[in-house]
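Hello,

Here is the structure I promised you. Please open it beside this email and follow along.

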Amino acid sequence: MSLLSGPEGPITDAGWGHEHHRKGFFTDTSVCIGCKACEVACKEWNQNPADGERKILGSSYDNTGALGANTWRHVAFVEQDGDRIEEARESGRRLVSLGMPGIGPRESRTAEDGAPMDLTGVDRSHPDTPEFRWLMSSDVCKHCTNAGCLDACPTGALYRSQFGSVVVQQDICNGCGTCVGACPFGVIERRDDGTISPKGSRDERFDQDVPEMGTAHKCTLCTDRLIDGEIPACAKTCPTRSISFGDRDEMVADARERVAQLHERGMTEARLYGANEKDGVGGTGSVFLLLDEPEVYGLPPDPQVPTAGLGSMWKRAGLSAAGMIAATAIAFAAGRK
């Protein structure tokens, strides 16, 4: 359980007896080029089936459409004109200021050769495109602090790993689908033949071997790679460093620093998603820098874990039961007179 077990954090609540830092992603959509290298790397490493024939959807320059049982990373393509860009910047100005922290290398971060990572000389500027732009964002499971899928699973197929990620054990999953309805982001999905048919036409079928049919699937944060000291395949592959991976606290700090940089350049539309620990899921392990409102990217503006209301629901149910018992007792007493 996650929401009902306490506020200490997902790893502590999971009962791991040794110290681990919670890991997470920081996805900077301002430098995503839509190459889909993360999608390919994710599929190859996890040996996920294809989503159908390689056809571009009619609604977008995309061929996967959304996250699902076979697509654990999905890059969205959103086309915007000048009017929408200005609306995004105006909505960003109305947000609460995130502060302007200093900019410079983080001494705690190191490169692969062990040397400190100094990013001050790296050009991560965003082109000024006031008339037209593409918003591209690599979406993934949020690995919520309070995970609805984890709370709702009746078989214990989902568990919290030592890295803070939420992982599905397919050999325990019975395919009931309770977790699917409990996810406020629509991430987790059961694998069936419908998920591998071409998105443009459900009448055709794309024949291939689909392992573990009927069970739930989603991003695992590449837990198998983390155990061996590697980073997730998507972050390893990303050519623009749009996807960063590390300790979740450091990822949030880097994200706030990046927002401050963009605000200084006049890009007031930059904002964070998933960094607020007081939101409806207690913050997410996957933090995003967005250049427009969450709805534009297909993200809920105020995600709520379904189990948040369990306490009040049980209380109301108890009061209702007590009322019915009292009413029944009064009726019997009145009938004896």
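Of the contacts between residues at least 6 apart in sequence, what percentage join residues at least 24 apart? In the protein chain, 71% of them do. Keep in mind that this is a predicted model.

**Overview**

The protein chain has 337 residues, and 49% of them are buried. Nine helices and 10 strands are found in it. Mean pLDDT for the chain is 80. A value of 70 or more is reached by 74% of the residues.

One stretch needs care. Over residues 96-109, pLDDT stays under 50. The model still has 31 contacts there beyond four places in sequence. Where pLDDT is low, predicted coordinates should not be read in detail.

**The sheet**

Look next at an open sheet of four strands. Their order is S8-S1-S10-S9, and the pairing is mixed. S8 and S9 are the edge strands, each pairing on one side only. Neighbouring strands in this sheet are turned by 20° against each other on average, ignoring direction.

S1 and S8 run antiparallel and are joined by five bridges. Find phenylalanine 26: opposite it stands serine 244 in S8. Helix H8 packs on this sheet and touches S1, S8, S9 and S10. The direction of H8 makes about 15° with that of S1.

**The core and helix H8**

The largest nonpolar core holds 58 residues. Among those with the most contacts inside it are Phe25, Leu158, Phe185 and Ile243. Which helix gives the most to this core? It is H8, residues 248-264, with five residues.

The buried ones include Met251, Val252, Ala255, Val259 and Leu262.

After H8 comes glycine 266, with a positive phi near 90°.

Best wishes

Methods. Residues are numbered from 1 along each chain as its sequence is written. This is a predicted model: local features need pLDDT of at least 70, side-chain atom pairs count only at pLDDT 80 or more; totals for chains, interfaces and linings use all residues. Side-chain values use heavy atoms; hydrogens and water are left out. A nonpolar core is a set of buried Ala, Val, Leu, Ile, Met, Phe, Trp, Tyr and Cys residues joined through side-chain atoms within 4.5 Å. Buried means under 20% relative accessible area, exposed over 50%, partly exposed in between (1.4 Å probe, protein chains only). Helices (H or I, at least four residues) and strands (E, at least two) are DSSP runs, numbered from the N terminus. pLDDT is the predictor's confidence in each residue, from 0 to 100. Contact means heavy atoms within 4.5 Å. Two strands pair if DSSP finds at least two bridges between them. Axes are lines fitted to C-alpha atoms, for helices over the stretch in contact, and angles run from 0 to 180 degrees between N-to-C directions.
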